[in-house]
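The sequence and the coordinates come first.

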Amino acid sequence: MKSFGKLLLSFLLLISTYVSFAQIQMHVGATTAVNATFVLDKGLSEDPRYNSTMTYNFAPIGVNFGVDFTKKFGLSLESILSNQGQIYELIDAGKQIAGERNIDLQYLQLPLLMRFMSGGNSGARANFNIGPQFSFLTQATESYEAKAGVN
């Protein structure tokens, strides 16, 4: 009798899994972005020899994989190669731009997002994503370019 109960329980779990998988939708996609980044460095921001500029960098490629459990909730895992950094103008004693200091960073970002969607049956729906992100620094360079002064 115990084996029959185990068999029945296994059958019910299998059926409930099948029913729940019938509502799950999966999606795969590609993504790209433009980042406006700021390097927060107290030494550089308070130094009068440096003036930070607005810096935009291109995140060339990313892929995402998502699973929608219902029409209103899902999970999404993304992988994005992101270029970030900051350009600082070098200011000389005469308060003139004398060159630049360029910080270039490249990260592999892996956000795991919970997706809250508006529901509905249309192809376009509003959604809100929230979750943790793991970022791995893959490359970092810092360069200086200074102009020679002519008196």
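## Terms and basis

A salt bridge is taken here as a side-chain nitrogen of Lys or Arg within 4 Å of a carboxyl oxygen of Asp or Glu. This is a predicted model, in which local features need pLDDT of at least 70 and side-chain atom pairs count only at pLDDT 80 or more, while totals for chains, interfaces and linings use all residues. Residues are numbered from 1 along each chain as its sequence is written, and side-chain values use heavy atoms, with hydrogens and water left out.

## Overall architecture

The protein has two helices and seven strands, where helices (H or I, at least four residues) and strands (E, at least two) are DSSP runs numbered from the N terminus. Along the sequence these elements follow the order α-β-α-β-β-β-β-β-β. Of the contacts with a separation of 6 or more, 65% are between residues 24 or more positions apart, a contact being heavy atoms within 4.5 Å.

Of the 151 residues, 24% count as buried; buried means under 20% relative accessible area, exposed over 50%, and partly exposed in between, with a 1.4 Å probe and protein chains only. The exposed surface comes to about 11,000 Å², of which carbon and sulfur atoms supply 63%, with areas from the Shrake-Rupley method using a 1.4 Å probe and, for residues, only the protein chains shown as cover.

## Salt bridges

A search of the whole structure gives three salt bridges. In one of them, arginine 115 and aspartate 68 meet through their side chains at 3.4 Å, N to O. Because arginine 115 belongs to strand β5 (residues 97-117) and aspartate 68 to strand β3, this pair ties together parts that are 47 residues apart in sequence. Arginine 115 is buried at a relative accessible area of 13%, and aspartate 68 is buried at 6%.

Glutamate 142 and arginine 101 form another salt bridge, with their closest N and O atoms 2.4 Å apart. This pair also links distant parts of the chain, since glutamate 142 is in strand β7 (residues 133-146) and arginine 101 is in strand β5, 41 residues apart. Arginine 101 counts as buried at 13% relative accessibility, whereas glutamate 142 is partly exposed at 43%. Arginine 49 and aspartate 47 also meet in a salt bridge, at 2.6 Å from N to O, and aspartate 47 is buried, with a relative accessible area of 15%.

## Nonpolar core and tyrosine 88

In soluble globular proteins, nonpolar side chains tend to be buried together. Here the largest nonpolar core has six residues, Leu44, Tyr50, Tyr88, Leu90, Ile103 and Leu105, a core being a set of buried Ala, Val, Leu, Ile, Met, Phe, Trp, Tyr and Cys residues joined through side-chain atoms within 4.5 Å. Strands β4 (73-91) and β5 are the elements that give two or more residues to this core. Neighbours within four places in sequence set aside, tyrosine 88 has contacts that include Leu44, Tyr50, Arg101 and Ile103.

## Aromatic pairs

There are three aromatic pairs in the structure, and rings of Phe, Tyr and Trp (its six-membered ring) pair if their centres lie within 6.5 Å, planes under 30 degrees apart counting as stacked, over 60 as edge-to-face and the rest as tilted. The rings of tyrosine 50 and tyrosine 88 have centres 6.2 Å apart and planes at 75°, so this pair is edge-to-face. With tyrosine 50 in strand β2 (residues 50-53) and tyrosine 88 in strand β4, the pair ties together parts that are 38 residues apart in sequence. Both tyrosine 50 and tyrosine 88 are buried.

For phenylalanine 73 and phenylalanine 116, the ring centres are 5.6 Å apart and the planes are at 50°, so the pair is tilted. Phenylalanine 73 is partly exposed at 29%, and phenylalanine 116 counts as partly exposed at 38%. Ring pairs join Phe69, Phe73 and Phe116 into a cluster.

## Loop and surface

Lysine 72, in the loop between β3 and β4, counts as exposed at 54% relative accessibility. Lysine 72 and phenylalanine 116 are 44 residues apart in sequence, with their C-alpha atoms 5.6 Å apart in space.

Val34, Phe38, Leu40, Met54, Tyr56 and Phe58 make a nonpolar surface patch of about 760 Å². Patches are made of residues with over 30% relative accessible area and no salt bridge, like charges being joined within 9 Å and nonpolar side chains (Val, Leu, Ile, Met, Phe, Trp, Tyr) within 5 Å. Phenylalanine 58 is in strand β3 (residues 55-68) and counts as partly exposed at 46% relative accessibility.
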